[in-house]
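Take a walk through this protein.

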Amino acid sequence: MNTKPFSSMPRATATALAHPNIAFIKYWGNRDDTLRLPLSGSLSMNLEGLETRTRVSFDVVMNADRFILNGEVQEGAGLARVSAFLDHLRGMIGQQIYALVESTNNFPAGAGIASSASAFAALAMAGSAALGLELSEAQLSRLARLGSGSASRSVPSGFVEWYAGEDDLSSYAESFASPDHWDLVDMVVIIEEGHKKTGSTAGHTLAHSSPLNTLRIEGVPDRLARCKAAILAHDFEAFAEMTELDSNWMHAVMRTSTPPLVYWTQTTELVLWQVLHWRKQGHALCTTVDAGPNVHVLGLASELDFAVPALKALPGVKDVIVAKPGGEARVLSQD
Ligand code: DP6
């Protein structure tokens, strides 16, 4: 890695953009919680139109980090998590220099769209660019992973695989198909807008307490290979089967943890059942659910005219947000 001496610059700023992603084969549980080395590989798609924009300004006159999210000054856990991430960048240049981080999401907080993925992908891009670090995509993905595991998948473009790896060096994400490879859409069915009861970071630590965890992990390589092959072959039926199976495995582990994690509501169950029914009738639609009640309905773009109004008409559904496959995280400006 090339580094420019930072001491010559009193202040350095960069702005970057990243999309959130939806996992088809899920990340749940770590081998190493500090390095966020996952128990298994995972597969996802970036979400176009949804984005985090982050500006990082390192400044030699600052004596602590500051974090402003959607115009509001953050303190406590939110600031601590950003600051801990900036420690990695400070470690890379060997200098104790603080930064102002200003971040905005164009999607609602708590909409069931994991903002930590786009947040830490954008922060890794902007922070490293501000310091003049010239990092490869794999290095940026590894760096983003230290902030949030799923953020490693928001660095590369389109359809992405995160290799579980064996250590910090080998655990990163890579694109295996571009955004225009397949006309797949994610219809995010908003059921609850509030913040989830147990966040992912705490949830990952409970995976080990489920008697089903080992079985789930054993099955991931096969499901991942089948899901990836289905995407590459544009085989929606096979894709739907693997994606739903993998989400169900993750929720089975969550529900059988101690304490149990139950994210689904009655409306979640209704949407899952309804989409299964529509698929049996011939619609190219399937579902996946993250650590919250909202359902991601995945389908071919040709299903949008049918599916969006039909989903909005279901009792308990508050809104539906539509996203196509998105591009890579990128630096927008540097000064
Ligand atoms: C259920 O990446 O949000 O969305 O590393 O603690 O930030 P942290 O966890 P996070 O976990 C994502 C969990 C998931 C499944 C997935 O996106 O693969």
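Which residues is Thr 288 in contact with, leaving aside its neighbours within four places in sequence? They are Ile 22, Ala 23, Lys 26, Thr 243, Ser 247, Val 295, His 296 and Leu 298. Contact here means heavy atoms within 4.5 Å.

A word on the model before going on. It is predicted: local features need pLDDT of at least 70, side-chain atom pairs count only at pLDDT 80 or more, and totals for chains, interfaces and linings use all residues. Residues are numbered from 1 along each chain as its sequence is written, and side-chain values use heavy atoms, with hydrogens and water left out.

Back to Thr 288, which sits in strand E13. Helices (H or I, at least four residues) and strands (E, at least two) are DSSP runs, numbered from the N terminus. Thr 288 counts as buried because its relative accessibility is 1%. Buried means under 20% relative accessible area, exposed over 50%, and partly exposed in between (1.4 Å probe, protein chains only). The Thr 288 side chain also makes a polar contact with the side chain of Lys 26, at 2.8 Å. A polar contact is a pair of N or O atoms within 3.5 Å; within protein, one must be able to donate a hydrogen and the other to accept it, and residues adjacent in sequence count only if both atoms are side-chain atoms.

Two of those partners, Thr 243 and Ser 247, are among the buried residues of helix H6. H6 covers residues 236-255. These 20 residues reach 28 Å from first C-alpha to last, close to the 28 Å expected at 1.5 Å a residue. That expected span is 1.5 Å times one less than the number of residues. The buried residues of H6 pack against helices H5 (213-232) and H7 (266-280), and against strands E2 (21-25), E12 (184-190), E13 (285-289) and E14 (295-300).

Now to the largest nonpolar core. It has 33 residues. Such a core is a set of buried Ala, Val, Leu, Ile, Met, Phe, Trp, Tyr and Cys residues joined through side-chain atoms within 4.5 Å. Phe 58, Leu 86, Leu 89 and Leu 123 have the most contacts inside it. The largest share of this core, 9 residues, comes from H2. Apart from it lies another core, of 30 residues, with Phe 236, Cys 286, Ile 321 and Ala 323 among them.

Next comes the ligand. A polar side-chain atom of Thr 201 lies 2.6 Å from a ligand oxygen atom. For Ser 148 the distance is 2.7 Å.

Last, the loops. Pro 259, in the loop between H6 and H7, is joined to Thr 258 by a cis peptide bond, with omega about -5°. His 234 lies in the loop between H5 and H6. Its phi is positive, about 55°, although it is not a glycine. Asn 70, between strands E7 (66-69) and E8 (72-73), has a positive phi near 50°. Most residues other than glycine have a negative phi, and most peptide bonds are trans.
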